[in-house]
Amino acid sequence: MAKTKTAFFCQNCGTQYAKWVGQCTACKEWNTVVEEVIQKKEKSSWKTEVSPVKKTAKPLRINEISTEKEIRLNTFDLEFNRVLGGGLVPGALVLLGGEPGVGKSTLLLQIALKLPYKTLYVSGEESQKQIKMRADRIHPESENCLILTETKTQNIFQQIEATEPDIVVIDSIQTLHTDYIESAAGSISQIRECTAELIKFAKETNTPVILIGHITKDGSIAGPKILEHMVDTVLQFEGDRNYVYRILRALKNRFGSTSELGIYEMQGGGLRQVNNPSEILISKNDAGLSGTAIASTVEGLRPLMIEIQALVSTAVYGTPQRSTTGYNAKRLNMLLAVLEKRAGFKLGAKDVFLNITGGISVDDPALDLAVIAAILSSNSDIPIEKGICFAAEVGLAGEIRPVQRIDQRILEAEKLGFKTIYISKNNKISLKSTKIKVLMATKIEDVASALFG
């Protein structure tokens, strides 16, 4: 019998050590290094029978390589397709992470129930009855979705060989374990080995596999960092429990852009796709309220109109507070310094609170002008006229800088009924005729005097 081999792994980042250490030198966390068994049994990976002999790969000249567009499987979910880059690529491994209870399992079960392809949904966390109860609420009738509750990879592959599904969903990778590694499910070596087996299965059979992954307290995918390198696509499903909206982002995508965004609304019957998010991100309040401004932003290929709220008040305890929700706090401090130094607004002794409505986070520089407009509106207690929006970056000298894809931003604002949009004078517009009035500004003082006199 072979001697058992062990190694020490950091449970936070996956770094391997030859002996135990108190602090991980990679992630600087304390008491996260544990011993795990790494001796693998001498068996094949995912198949019991011997695979056919494959031809040895040969190098090709780059101009000889075929550039035909890969065939993608339509998931019949526009938001999911958009984030993936057009659909599921055969043989791809997709990792979906997110907070507990945000709706990861609901999203994938909802997609699996609507697919016309044979789909095997493997759950290591819920029983078949629990999944059936949720399925009845989401999509009562489906003949193509098979439910399997199993955590052992060898048994899962036996069922895969018997059913031959077109798509496999694993919920979740942290619950799986293989006989080839003698350690607990969810450990570094188990996650790495189970993922390696699924990758080999996906590539050899050209079957797309979607994994659900747990996340740590700092928001990163639980397990070794190499897990994110092994898979083809890493998706993040995020959203505040106090809001009904959920956002799907691509953190890594070998088959498409990582700047795309999918928005869902959580309902009793599952997740509803939000095709026009601008309407839900702007409140329908007709009363003129100070401290509110509308910004035109772009996420991936999708233009969005979002509402920014600011509250400026006198600091009670002497030390002014700077608080943001959905916006970069350092960016807010920079804009406040620009307002004080370049425009002469004394905000150093005042509390400033900033909020992006809808529970989403945006880091587009084009929000700068809208943020400044909202702050000045709250400071002077004068509401901004209805029908005005903003799309411009603000520099350290107080100048208004141009932003990219301004035509899309202007058209989105016009489509939603806005009458005026403020942009930079240096932006080049290719639109010939628009109903919306485009005002070009050079400095923030010009915008402030135009809005508030």
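The model is predicted, so to speak of local features a pLDDT of at least 70 is needed, side-chain atom pairs count only at pLDDT 80 or more, and totals for chains, interfaces and linings use all residues. Numbering starts from 1 along each chain as its sequence is written, and side-chain values use heavy atoms, with hydrogens and water left out.

**The sheet and its helices**

Let us start with the sheet. Helices (H or I, at least four residues) and strands (E, at least two) are DSSP runs, numbered from the N terminus. Strands pair if DSSP finds at least two bridges between them. Seven strands form an open sheet with mixed pairing, in the order β15-β16-β14-β13-β17-β20-β21. The edges are held by β15 and β21 (437-441), each with a single partner strand, so one side of each has no neighbour in the sheet. From one strand to the next, the twist averages 25°.

T325 has N355 in β16 as its bridge partner. Together with helix α8 (residues 329-342), β15 and β16 make a left-handed β-α-β unit. For reference, a crossover is right-handed if, with the strands pointing away from the viewer, the path from the first strand over the helix to the second runs clockwise.

Elsewhere in the sheet, strand β13 (residues 292-299) and β17 run parallel and are joined by two bridges. Here A295 stands opposite F390 in β17. Helix α9 (residues 368-380) packs on the sheet and touches β13, β14 (302-314), β16, β17 and β20; contact means heavy atoms within 4.5 Å. The direction of α9 makes about 30° with that of β14. Axes are lines fitted to C-alpha atoms, for helices over the stretch in contact, and angles run from 0 to 180 degrees between N-to-C directions.

**Aromatic pairs**

Across the whole structure, a search finds three aromatic pairs. Rings of Phe, Tyr and Trp (its six-membered ring) pair if their centres lie within 6.5 Å; planes under 30 degrees apart count as stacked, over 60 as edge-to-face and the rest as tilted. Two of the pairs are set out here.

| Pair | Centre distance | Plane angle | Type |
|---|---|---|---|
| F237 and Y264 | 6.0 Å | 80° | edge-to-face |
| F390 and Y422 | 5.5 Å | 20° | stacked |

F390 and Y422 are both buried.

**Backbone spots worth a look**

Most residues other than glycine have a negative phi, and most peptide bonds are trans. Where does K28 lie? K28 is in the loop between β2 (16-17) and β3 (33-37). Its phi is positive, about 65°, although K28 is not a glycine, and K28 is exposed, with a relative accessible area of 52%.

F76, also not a glycine, has a positive phi of about 60°. F76 sits in the loop between β3 and α1 (78-84) and is partly exposed, at a relative accessible area of 46%.

Finally, the peptide bond from D171 to S172 is cis, with omega near 5°. S172 is placed in the loop between β7 (167-171) and α5 (188-205).

Terms used. Buried means under 20% relative accessible area, exposed over 50%, partly exposed in between (1.4 Å probe, protein chains only).
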